[in-house]
Amino acid sequence: MLFTKETPILYYEARSHQRWLNREYILFPAYYYRVLAPRVSSRKLNILEKAVLGICRIGAFTAQEIGEKLDIGGDLSALIISELQYNNFIDHQGLITKKGKQILEDELIETEDLIAGYVFQEPWQGELFPRFIENLEYAETRFNDNDYPELVLGTTGKPFYQKIFMPLPINNTLMVKPTPRDILRAIKIHNQTLTNRHRENDVEANEQLWNIEKQPDLKRISFIEEQPQPVWLATFIYTPESNFDEFTENNWQISDPFGLGDSPWLYRQINKCCQKQDNFPLQKIIESLLDKTEKQKETPTEYQEWIKYFNEIAINTVENKLSLAITKWESLYQGLITIETINQEIDQFKQEKYSPHAQYSFDDKLKDIIVKCQKILENLFLIIAVQYPTNECWKLLDDRDKEYNQILLEKVVEKIGFKPLKNESHDSKLKLPKSLLSVDINKIKSASDHQSGSLRGYVIASLLTAYNYEQHPLYFFAEKMPNLLFELDKLADLRNKSGHYSSQKLTQEIVKKQIALVYQLIELFLQTNFHKPIELEEEVIYI
């Protein structure tokens, strides 16, 4: 099967984990198969927690005894036992609880539900992408004067056309039908990636972990369509802005074609092909991108020197405001540094309409700060959810009775301690913002079960979870910032408007208030002495 200019293009809004210095859109070839397979559930315990629970199921043991059995030492086993007791998985006598037995059984049972979807195969080495996609999203395209397709992006009223590199010709391809085990592996990794994508490592799937679990019947995995279909996957390669000063071997990245940030898996596949094949079709565009970045490195512009200076100020600002304790939380720390760097740039060049060397206008930079403020707080709620899992908290709600949901949420808010806001127009008090009351239950499900979505969904999921955990940080937040829910709602509203054309113009004063909100909430979070739960590197899979 040939890849041509007429081969369909799929586009899932590729994005990067890092700010990019230079980037180029590309089309990556793949074959897709439509399959029917069991739905795979998420892992809720890491391997050490599971092992300790298994030991506690057969009797009570001391931390020292468990440490010796697992060869992990008494201190580590004591910490794991403490975490399991905190979550009510084992009691204070060291015996497994009913809740602990249930979660251990859930860990060992794969769902029997079947789901139809698509797996994608890399054509040169025949490996499956670690993805399982339920729907094909075809890109809107047009052909340019050279008879090559371009992506049509933007809005209907204001489209723009993105040039995209098509690596023709595609030679030396393989046609190897994937096995059911290959398909199951792709589904497992995709599911774990969705669960853990707010974390920052990249760890390969560990086959040994799967051997201890009950596997679904591989015979239940079947092909709906036996013959694969060729398709182009639209994504982009880029050089990270963070690597500009230290140009390392890993000096370019590729965005995941299915919209999940960077794709170390695809990066490795491309590197393998570049090493095995002379004149590999993507080699030219990668070398061109690196050459462009290398020249920028050799001749730094005045603007780049300014950015380096602003970044140094930003680091000092963040650490002075929050102390070195913030460095423990990498996503929060780096997010604040990025915000402060942009803020320093705006302060320096605020007399000018447009910074002479900047890629974006100051209006765009103000919008960028608002987006990043919301992202930092979303990460904060995700961090809290690791210790206070939000899974299935949405079941407390009734998707057909909004009045019941409102009463429930008001009860939750009242218990936690957030204060109502007086509504001057109606001379009454709102217990929580109307927009929080109207969050679609599917968005709450996405936030609670899949750690994806936006700020309002995370807030509702966290509120519902906190109702049953009086040690939850939201109680402390409510004590110190009783008006917090309304402030978070205001940020979410600004974020939504910044992504669309709006009559409300962002000002530096408005943006600085949102930055202050982020600092205030993170400072409170650090005061809770929140600690990271035990994690094994091989338990978390990042692709």
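This is a predicted model: local features need pLDDT of at least 70, side-chain atom pairs count only at pLDDT 80 or more; totals for chains, interfaces and linings use all residues.
## Overall architecture

The chain is built from 18 helices and 11 strands. It comprises 543 residues, of which 49% count as buried. Among contacts between residues at least 6 apart in sequence, 75% join residues at least 24 apart.

Rolling a probe the size of a water molecule over the atoms shows where empty space is left. In this model, the count comes to 2 cavities of 30 Å³ or more.

The second largest cavity has a volume of about 40 Å³. Its lining consists of F381, L382, A385, T390, A447, Q451, Y458, A461 and S462. By residue type, the lining divides into 6 nonpolar and 3 polar residues, with no charged ones.

## The setting of M481

M481 is located in the loop between α16 (473-480) and α17 (484-498). With a relative accessible area of 7%, M481 is classed as buried, because that value falls under 20%.

Leaving aside residues up to four places away in sequence, M481 touches F418, L517, Q520, L521 and L524. Of these contacts, F418 lies 63 residues from M481 along the chain, and the C-alpha atoms of M481 and F418 are separated by 7.8 Å.

Notes. Residues are numbered from 1 along each chain as its sequence is written. Side-chain values use heavy atoms; hydrogens and water are left out. On a 1 Å grid over the protein atoms alone, a cavity is a set of points where a 1.4 Å probe fits but cannot get out, and a pocket is an open set with protein on both sides within 12 Å along at least five of seven lines; lining residues have an atom within 4 Å of a point. Grid points are joined across faces, edges and corners, and a volume is the space filled by probe spheres set on the points. Ala, Val, Leu, Ile, Met, Phe, Trp, Tyr, Cys and Pro count as nonpolar, Asp, Glu, Lys and Arg as charged, and the others, Gly among them, as polar. Helices (H or I, at least four residues) and strands (E, at least two) are DSSP runs, numbered from the N terminus. Buried means under 20% relative accessible area, exposed over 50%, partly exposed in between (1.4 Å probe, protein chains only). Contact means heavy atoms within 4.5 Å.
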